[in-house]
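Let's walk through this model together, one region at a time. Keep the 3D view open as you read.

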Amino acid sequence: MAKPKTVAVVDYGMGNLHSVSQAVRHVASGSGFEVMVTSKAEDVMNAERIVLPGQGAIADCMRELADSGMLESVLHAAAHKPLFGVCVGMQMLLTHSDEGVPGDGGVGTKGLDLIPGEVIKFELAGQLQPDGSRYKVPQMGWNQVHQNGAGSAKAHPVWAGVPDGSYFYFVHSFYAQPSDAHHIAGEADYGARFTAAIARDNIFATQFHPEKSADQGLALYRNFLHWNP
């Protein structure tokens with residue numbers, strides 16, 4: 001009997017692990033993939049595919065990833081295997097975030113620098129939404145995502161079968177701003193157009209939570225399992 005292929009959901013203490021792993025397990029049923037939540041570097045090194053979740057403050061996420069002993073294995077995976085970043089797990093892939101810790105003098109947080117770019121905060125003070133209400137930060141709730149982004153000729157394969165303009169669930173105060181528009185895989189509007197998904201080579205990542213986004217979110221995880229970058 002063939003050994004099942006593995007998808008490692010990285011557990012470094014800062015992710016929405018239950019919801020993410022349940023969603024990936026749901027779409028993996030009958031696919032030949034086995035989904036594991038793991039805090040072991042060797043599991044990440046040996047897995048065929050990696051999911052990097054994240055929530056909370058990016059400074060805490062970066063610290064916990066380093067302290068967990070899995071930083072090097074995640075970097076290795078990001079260079080060699082399909083990797084799906086989720087929420088702060090997406091923001092961590094960029095070069096730098098303006099979000100830091102209190103008292104750091106605005107230094108912010110260094111990211112993994114796998115996709116060049118910055119993570120910046122929504123600046124929406126005084127702006128009104130179309131219904132006349134004020135924009136709130138963090139953005140919490142459903143928003144429409146437009147595929148392709150500014151620099152893509154066609155939709156990324158992980159969008160396969162997902163209608164352009166589908167709604168996904170967001171919870172965030174900061175958003176990614178890649179240096180190269182070709183790394184933008186999807187955009188949404190919240191006061192202005194912002195990056196909702198990024199991609200480069202074997203990496204795909206979303207600011208929104210696919211695991212909280214009903215059937216369209218599950219479709220992204222399903223496509224990820226069968227994507228051959």
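H1 covers residues 17-28 and H6 residues 214-226; their axes lie 9 Å apart at an angle of about 65°. Axes are lines fitted to C-alpha atoms, for helices over the stretch in contact, with angles from 0 to 180 degrees between N-to-C directions.

A word on the ground rules. This is a predicted model, in which local features need pLDDT of at least 70 and side-chain atom pairs count only at pLDDT 80 or more, while totals for chains, interfaces and linings use all residues. Residues are numbered from 1 along each chain as its sequence is written, and side-chain values use heavy atoms, with hydrogens and water left out. Helices (H or I, at least four residues) and strands (E, at least two) are DSSP runs numbered from the N terminus.

Now for strand E14, residues 203-206. Ile203 and Ala205 point one way, Phe204 and Thr206 point the other way, and all are buried (buried means under 20% relative accessible area, exposed over 50%, partly exposed in between, with a 1.4 Å probe and protein chains only). In a regular strand, side chains alternate between the two faces of the sheet. Strand E4 (residues 83-86) runs parallel to E14 and is joined to it by four bridges; two strands pair if DSSP finds at least two bridges between them. Leucine 83 has isoleucine 203 as its bridge partner in E14. Strand E13 (residues 193-200) pairs with E14 in the antiparallel sense, again over four bridges, and here alanine 197 stands opposite threonine 206.

E13 and E14 form a hairpin with two residues between them, and aspartate 201 in the turn has a positive phi of about 55°. Aspartate 201 also meets arginine 200 in a salt bridge, at 3.1 Å from N to O (a side-chain nitrogen of Lys or Arg within 4 Å of a carboxyl oxygen of Asp or Glu). Aspartate 201 is exposed at 58% relative accessibility, whereas arginine 200 is partly exposed at 24%.

Which residues form salt bridges with arginine 193? One is aspartate 189, with the closest N and O atoms 3.1 Å apart, and another is glutamate 187, at 3.4 Å. Glutamate 187 is buried at 14% relative accessible area, while arginine 193 is partly exposed at 43%. The count for the model comes to five salt bridges.

Finally, look at the open sheet of four strands in the order E6-E5-E7-E11, where the pairing is mixed. E6 (109-110) and E11 (174-178) stand at the edges with a single partner strand each, so one side of each has no neighbour in the sheet. E5 (residues 94-97) and E6 pair in the antiparallel sense over two bridges, and serine 97 has threonine 109 as its bridge partner in E6.
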